[in-house]
Amino acid sequence: LDGTLLNTIEDMAASTNYALAKCNFEKHETSKYRFFIGNGINKLFERVLPEGEKTAENILRVREHFLDYYNQHNSELTVPYDGIPELLESLQNRGIQLAVASNKYHKATKKLVEHFFPNIQFTAVFGQLEGVAAKPDPIIVENILSIARIPKSEVLYIGDSGVDMQTALNAQVDACGVTWGFRPIA
């Protein structure tokens, strides 16, 4: 979702900076968030906290303020990447099953997908759930495949980061990395 279908960097940065300020921590430039995002929100908060402050307690404090703010403001600056709505519609019209596997927490994943892609009938939309391993663990892909009922040989996993490519490798499905997302070509 983030960095592949939607450019969420501005809202993620604004929400995290809001939470950091509420907890009296230094904010970061938006451009730095390209490398903070990618392994779920708790990892995001760990990455943005200063050295010596990366405690479970501080992560939870930042998380609480972030969730309150992001749940209300998560689509103000977010936009689909150019051509993505049309691409999804074209694939859907060809009968290709589409799914979303995100490390963004589940509630926000569902809300953003419904907001930005209301005409797309995704087979499954999964975000990060408490107690379920985050990507690159393959469980999210395995859960989608159990719903889609298609063999791994018919899957193409598309993402913008090393986490995505490792998820596809761990799930034993083909992958394609996009170059318009958060991470540079490496």
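Y70 and Y105 are both buried in this predicted model. The two residues form an edge-to-face aromatic pair, with 6.2 Å from centre to centre and 65° between the planes. Y70 belongs to helix α4 and Y105 to strand β3, so that the pair links distant parts of the chain, 35 residues apart.

In total, 7 aromatic pairs were counted. One of them is the pair of Y18 and Y69, which is stacked, with a centre-to-centre distance of 4.3 Å and an angle of 25° between the planes. Because Y18 lies in helix α1 (residues 9–22) and Y69 in helix α4 (residues 56–73), this pair ties together parts that are 51 residues apart in sequence. Y18 has a relative accessible area of 33% and is partly exposed. Y69, at 23% relative accessibility, is likewise classed as partly exposed. The cut-off for burial is under 20% relative accessible area, and the value of 23% therefore places Y69 in the partly exposed class.

At least two lining residues each come from α3 (41–48), α5 (84–93), β3 (99–105), α7 (139–148), β5 (156–159) and α8 (162–171). Strand β3 makes the greatest contribution to this lining, with 6 residues. Sorted by class, the lining of the largest pocket contains 29 nonpolar, 10 polar and 7 charged residues.

The second largest pocket has a volume of about 200 Å³. Its lining is made up of 14 residues, with I41, N42, R63, Q128 and E130 nearest the centre. Two or more residues of this lining are given by each of the elements α3 and β3. Helix α3 gives the most to the lining of the second largest pocket, namely 3 residues. The class composition of this lining is 5 nonpolar, 6 polar and 3 charged residues.

Two further residues were examined individually. T109 is located in helix α6 (residues 106–116). The relative accessibility of T109 is 0%, and the residue therefore counts as buried. When residues up to four places away in sequence are left out, T109 touches L1, V100, S102, K104, V125, F126 and G127.

V178 is placed in the segment after β6 (174–177). With a relative accessibility of 10%, V178 counts as buried, because the class covers values under 20%. Leaving out residues up to four places away in sequence, the contacts of V178 are G3, T4, I158, G159 and D160. The C-alpha atoms of V178 and T16 are separated by 25 Å, and the two residues are 162 residues apart along the chain.

Key
Residues are numbered from 1 along each chain as its sequence is written. This is a predicted model: local features need pLDDT of at least 70, side-chain atom pairs count only at pLDDT 80 or more; totals for chains, interfaces and linings use all residues. Side-chain values use heavy atoms; hydrogens and water are left out. Helices (H or I, at least four residues) and strands (E, at least two) are DSSP runs, numbered from the N terminus. Ala, Val, Leu, Ile, Met, Phe, Trp, Tyr, Cys and Pro count as nonpolar, Asp, Glu, Lys and Arg as charged, and the others, Gly among them, as polar. On a 1 Å grid over the protein atoms alone, a cavity is a set of points where a 1.4 Å probe fits but cannot get out, and a pocket is an open set with protein on both sides within 12 Å along at least five of seven lines; lining residues have an atom within 4 Å of a point. Grid points are joined across faces, edges and corners, and a volume is the space filled by probe spheres set on the points. Rings of Phe, Tyr and Trp (its six-membered ring) pair if their centres lie within 6.5 Å; planes under 30 degrees apart count as stacked, over 60 as edge-to-face and the rest as tilted. Buried means under 20% relative accessible area, exposed over 50%, partly exposed in between (1.4 Å probe, protein chains only). Contact means heavy atoms within 4.5 Å.
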